Every structure is written in C-alpha cells, then in structure tokens.
Amino acid sequence: MRSRLVMALSLLLSAIYAADASAEYGLNMPRGVTDISHSVYDLHMTIFWICVVIGVVVFGVMFYSIFKHRKSKGAVASNFHENTTVEIIWTIVPVIILVAMCIPATKTLIEMYDTSDADVDIKITGYQWKWRYEYLGQDVDFFSNMSTPKEEIYNAQEKNENYLLEVDNEVVVPINKKIRFLITANDVIHSWWIPDFAVKKDAIPGFINETWTRINEPGVYRGQCTELCGKDHGFMPIVVRAVEQAEYDEWINTKQEEAKAAAALAKLTFTLEEQMERGEKIYTTNCAACHQANGKGLPPAFPALAGSDIAINNLEKHLEVVVKGVQGTAMQAYGSQLSEVDLAAVITYERNAWGNDTGDNVSAKDVVDYKNK
Amino acid sequence: MSAVIDNHTNGDDHEHHGPAKGIARWLFTTNHKDIGSMYLWFSFAMFLLGGCMALTIRAELFQPGLQLIEPEFFNQMTTLHGLIMVFGAVMPAFVGLANWMIPMMVGAPDMALPRMNNWSFWILPFAFTLLVSTLFMEGGGPNFGWTFYAPLSTTYAPDTVTYFIFGVHMMGISSIMGAINVIATILNMRAPGMTLMKMPLFVWTWLITAFLLIAVMPVLAGVVTMMLMDIHFGTSFFNAAGGGDPVLFQHVFWFFGHPEVYIMILPAFGVVSQIIPTFARKKLFGYHSMVYAVASIAILSFIVWAHHMFTVGMPLAGELFFMYATMLIAVPTGVKVFNWITTMFRGSLTFETPMLFSIAFVVLFTIGGFSGLMLAIAPADFQYHDTYFVVAHFHYVLVPGAIFGIFAAVYYWLPKWSGRMYNETLGKLHFWLSFVGMNLAFFPMHFLGLAGMPRRIPDYALQFADFNAISTVGAFMFGATQLFFLYIIINAIRKGKPATDQVWEGAEGLEWTIPSPAPYHTFSTPPEVK
C-alpha cells in the first residue's frame, strides 16, 4: 500500500518536473522593456511584499492561537474585549502604509499620462477580431490578423511555439523613441495590451484614447485583446517588433512602396482563376471567422454565403453588404478596410466558390463605380 | 367577555396552527422558516447549475486548443456562470439565511411582510427559467459576460438579450422586496430590550446589506432598461454612432456592481462574526468597531466603482481619486480581520466544521483582499486588468468568502433548523476537500494572470498550459465535493443525532434559547432582552 503511494507520488513529481522542463511558464509579471514597465514592476513587487509581511504577521498570530489556545490543550478563554488603544493603532498603521504606497504609484501614473512630444504617432483601431494600424502622416495603413492556422486550434496539427500569439502583419516601431498610440474601435470595445510595455488601453467606439511607450530593447513583443469582444476575442493577438531607427525607416519605405504597387493593380484586369486565388486568401483572413471556410456560416448570427440569394443573384446587394456592412449586425463595412482589387477578388470568390458558380468576374472598376454611385 | 379577551392574549393560541399539507405549504407559505428553506434549496440548485457551467469552462481550458465547445458557446457559459452564481446562488442563499435567522435572532415571530416574502421568493424560479431558457433558443443565450458591456450587449447581442433583460428585472424586484422586508423586520420587530447596538452582527451586516440593495438594484434596473431602449426603441444611450457613450454604461453598471460585491460579502462577515466567538468561547473583541467597519465599507463602496475601469481612459484626476478611495477600503476591512483574530487569541478553541470554514474564510478572504489591494494600485492595474489575476482575485473573495461563509452558516444553524446534527467527520472531510480543491483551482490563476493570460478566452498560448491543467483538476475536485455536501445535509436531516437546544457549548443569542428543531412559530410572545 505504502510503496504504491510512494510510486504514485514520484510519478506525479516527475510529471511536474518534465512539464517544468518543456514549457516555459511565467510565475510573475514580466519586468518588461520600458522605463514605465520597470516602475510598474517595482510597484507590483513592493505592494506584493507589503502584503506578504502583513500576511505573515496576521496569520502568524492566528496560527499561534490555533495551536496554543486549543480547548483540547486545556486552554481557558480569557475575557478581554474592546481596547481603544489597540483599535486606534490597527486603524492608523494601515493608513500610513497606504499613504506610503500611494506616493510612488501616483508618480508613475502621472508619467504614464504624459503623452506629449511623441516621435511616432500610431492610430490603432480594434475591429471584430483584428487590429488596424495607421501610421499618422506616413501613409502606412494595414490590418493585422491572427495567423495561427485553424488546424492548430482544432488540434489537427502540432501547435507552434507562438500559438495564438502570431499575426500576418506585425507593428514595427523604432526603439528609444516616444511612440504615441491613439486607440479606438470600430464596433465593440476591445483593449490593446502589450505586457512588456505595461501598456493597456481600452479601444472604445466613439472615443480616442491616448497612451505611449518608449522601448529600450529591440525585440518582438506579444500581447492580446483583453476586453471581451465577442466570439473570437481569444483570437486577436498583437505583435510589435521594435527595431533600430534605420531598419524602421526602411520598413516604412517598403510599406509605402507596397501601397503604391497595390494601387497600380487596380488598373489591371484579372482572369477568373487569378481572382479566385486572390479572393480565397482574402476570404480566409477576413471572412472565414464568421461565414466559415465552407461558406455555410453559423446561422442565425452569421448567415451562409453558399447558396445565398445575394451571392448568386443580387450583385448590387452583394456589393452593398461587403462595402457598407450591415447596420446592427457583426457585418462590418469592408469598403474602407480592403483595397478595391481585394474587394473585387473576394466578391468574385464568394460568387463562384462552394457551388455558387455564377461565373461573375467582378473587377476593381465595378467596385469603384459602385462606391462612386 | 373576559373569556374572549383571554383568547386574544393567549400566546399559545397559534400552537395548533402548523404548516399546510402538500404542495400548498410551499406555494402559499408566509412562514419565514419555510421561505428560508426554499431560498436555500433554490440557491443550492443554482449553485450546482452554475457549477456545471464552470466545469464546462474548465474542461475546455484543460488543454490548449479547442476540444469540447466552440468559442460562441464558451462565451455563453462564462456569462451564465457569472450571472447564476451572483444572482442565483450567493444572493438567494444569504436571503435564505436572513429569513431563517433574523426573526429568531431579534426575537420576532416572523418577517414583517410575510406575503411579500413569499412573492419575492417565487419570482426567482421564473426569472432563472427565463434566463436559462435562452440557451435553447435560436442565436443562443447571453454571450457578453456577466458585466454585459455595451455595445457588445446591445447592437451586437443575440436576440435573446431581451429575455436576459427581463430576467434581470425580475431578480431585481425580488432582491428589493427581500431587502425591504429585512429592514422592516429589523427596525420594527426587535424584542423589547434588543437595542440596535445589542443586535447580533449577522443582523447588523444584513441591515446594512439591505440598504445597499435598495440603493443599487434600481441602478441595475435603470441600466438594463437603457439597453432595452437602445435595442428596441432606437435610443442611443450607449451607441457612439448615435451620439451615445459606451463608457456611460460601465459607469452606471459599476455604480451598481461595486456595492453588489459587498452585498455578497457583508452577510458572510456577519456569519463569521457569530461563529468565531462561539468556538473561541470568548466574546467578539470589538463589537462596536465591527459595526462601524461594516458601515464604513458600505459607504466607501459607493465611491470606488471606477476602479473596475482604470483602462477606459479616465482623466488623471479621476484615476487618482478612485485609486485612493479604493485603497481606503483596506482600512475597515483590516479592522474586521484584526478583530476576528484577536477574538480567537487566548480563547478556548475547538474546530468543528463551521469553525473550520470560518477560519478558512478569514485566511483566504484576506488573500483575496491582498490581491484586491494590489489591483487598487492603478498603474499596476494596467497589467492586472482583465487578466486571470482578476479572476483569481474575485474567486478568492467569493468562493472562500461568500460560499464558505454560507457553508459555515449552514453547518452552524442546521441543527437548530432540523433538530439534528450533521456527521462531524463527514463535515470536516467536506471542508478539507473544498479547501484543497478551491485553492488548487484558483491559486494558479494568479500566476496565469501575471504571466499575461487574458480572462474570458476559450483557448490560450502554450506557456499557460500547465497551470490551466492544475486549475481544471482543482475545479472538478471542488465541484464533485459539493455533491458530497448535499449527501451530508440529507443524511443529517434524515438520520442525524438529535441536537440539543443549545447545540454549541459557546453559542450565545436568542436563537439558541428556543427548542431544536425550531417550532413552526417562534417568539409569538416576544422574549425580554436584558
């Protein structure tokens, strides 16, 4: 009996040890890579140790009584109660500790609120369920979607080390520069958080919140949306890559070139096959979360596109839904999110995939014409 | 003539007037003991239902990846788990305790408003049927979290949100009526000589809780009505596109929500303040300061609501005000903890099940208080906010706080209610299993939150896997243990040893002066309190 127990225990311990060796898990808040995150970490540790000390004293007295003042050990109850001096002391002492704690906390908070004199301004907009980044005055504007494949989420494939914390377009920022974030949302409330910066700010429709950071070390920093925002709240990560100024400038250049190249595409015409290929990619990143990869949707909240009247017959309505969205539903207005080329491709894809087979080839010009109407 | 007068003054007049037979007893009863029992059984049923939902959540979170349920259903589970535990399990359980104990503790024959008492209970089963039925409707149940932030709960909500709103209204009506009843009973029906400052602390905490309920339940009703207007009548209270303000929702909600968390804990303070002196065989150290501390906590609870909203982008001054006010709450809470411990100090302690739950309450609630103090530091809260650290924090104040308080109360007063003792060995086993399970489930959540796991996500990055697995094991252990609790109670009621009138050696108070089980009508003639 005893040997079996010992064996079970040692098995359990070795399992814990093995898990310990394979996975790298945090026990504590990361210290982060900004001066602010260091002050926050210090605040966190200070208040933590204050709590530990109070806990040790208070529970120490308690467990002393539990062991010493037992009836079974012949303890006889004394009869003291109400002592004004003691009661004043244990009211005043906590007040002093709290005031002492408030001073550094207030200092840090004031610093966090100083968003003046930024070198880079980035407007961040939360959408269900992705982030949009606009570099103000730089003509750089892109969406950032989670890039973890469905197969990993549904356990058909082994999960990679950045599972759920990887995106198609990373936010690139320079180190040692004050970066101001202007945060808002398009639909519901989201919250933008990078633990290593100690920056968390809600993205609220109709409001623009400000916050800032200055990163000391180059690296890739990952975070997630932290305000429940619907079905895929758990699947809208944030990845920030902090680089040297020169590399940042180069990246901005590439982004601007890409935007020009994309604009040039609008003048070309594509075959149905080319449209389908481009459309499928766009559908997978932007549409499949709700309407599903097989086009069957998740009715009633997210209707099916396969066999839908709009996707087969009513092109005008199809353009309207995709470009302007549907008020009061989760269907967003993609007119401002995707280029005309991409809009045309995804509409073409939806009109020809999953047996919809209309043969329609919608061009970027059709979309432009619709928008100008 | 004199015979008639005699009849009217005879206190034993009601002796033969027992409960009605069959189902009518429960449907039409105006007896505080019957209604108290119904509240307690109802809340236990809701506790198991909400618990099953928690276990569904924990099962999905056992490993990374989606295995059992889809994110859409996961969100419905987190929402309903929260709503059912808050409004269906914890609050009705305390109303049940109030119904049973307040009249017996102040020497009143019944609650002041018995018919309203019946109504406030019978609203609840209908309210929760309405709420839970949404799970089976097209579009699914509420999926926006128990805090139902707009516009996720308005513009973007499933159609069933209307049922949710109506359900919340019904719960609110029930709570307000319950609170009116408690206040009316305590202020008007105390036995001669029972001055306010002689009332047992459980009565005091409930009096203050009842005022909190009356103050904030209408605010909740207001906020859900504004949602209803936004959804169906084209208003834009919370819709930014129409000039509304999504943050206004949060201000109004938390103006209700923060006092609400004290509504769930103050009666537990009362319970523990009854039990610790009994098993320490020593008077409560500072009765007066305990009363003042509870009152201060209640008053402060109205000026700290925005500490739930440190990340919404309030102005610096607002941020600082709510940080300082929140930290101030630690002072009266500290006073209470110091008082309980000083009461135990140099007492003559024994450790029956109610005492074990009360000691665990003091220790674990204090841990929840510590993490609360950490959360109050606004700059640090930016890191903790909406992570599992918050989940750990409020489960530490609610499970070993409110729920252990209820367990302690049930073990403490069950002998008086049923006239029979529970099995002490089984009770202690229930305590230890709950204690270990609960800590295993919730302690690792502190680490998860600090390491960066957001709350309300159905799937998580790989570095969170180990602690989630441990937490799930603990949750199932805690959950299964509560079926054992049901067995202990039924076993006690049916086969327990008869209890004495005094029940506990060190117990003091009017409830211990009446026979066990408490007769259907007690204190028809008010006792004299010296």
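## A tour of chain B and its partner

Start by selecting chain B: with 530 residues, a compact globule would have a radius of gyration near 24 Å, and chain B has 23 Å, which agrees. That radius is taken over C-alpha atoms, and the globule rule is 2.2 Å times the number of residues to the power 0.38. This is a predicted model, where local features need pLDDT of at least 70 and side-chain atom pairs count only at pLDDT 80 or more, while totals for chains, interfaces and linings use all residues. Residues are numbered from 1 along each chain as its sequence is written, and chains are lettered from A and ligands numbered from 1 in the order in which they are written.

Now switch to cartoon view. Chain B has 17 helices and zero strands (DSSP runs: H or I of at least four residues for helices, E of at least two for strands, numbered from the N terminus).

Next, colour chain B by burial. Here 62% of the 530 residues count as buried (20 or more other C-beta atoms, placed from the backbone, within 10 Å of a residue's own).

Then select B:V90, one of the residues that touch the most other members of the largest nonpolar core, a group of 258 residues. Such a core joins buried Ala, Val, Leu, Ile, Met, Phe, Trp, Tyr and Cys residues through C-beta atoms within 7 Å. Leaving out residues up to four places away in sequence, B:V90 touches B:M85, B:M264, B:L398 and B:A402 (a contact means C-beta atoms, placed from the backbone, within 7 Å).

Finally, show chain A too. The contact takes 82 residues from chain A and 81 from chain B. On the chain A side, the elements giving two or more residues are α2 (35-68), α3 (84-112) and β7 (199-203).

Notes: Buried ≥ 20, exposed ≤ 12 C-beta atoms within 10 Å, placed from the backbone. Contact = placed C-beta atoms within 7 Å.
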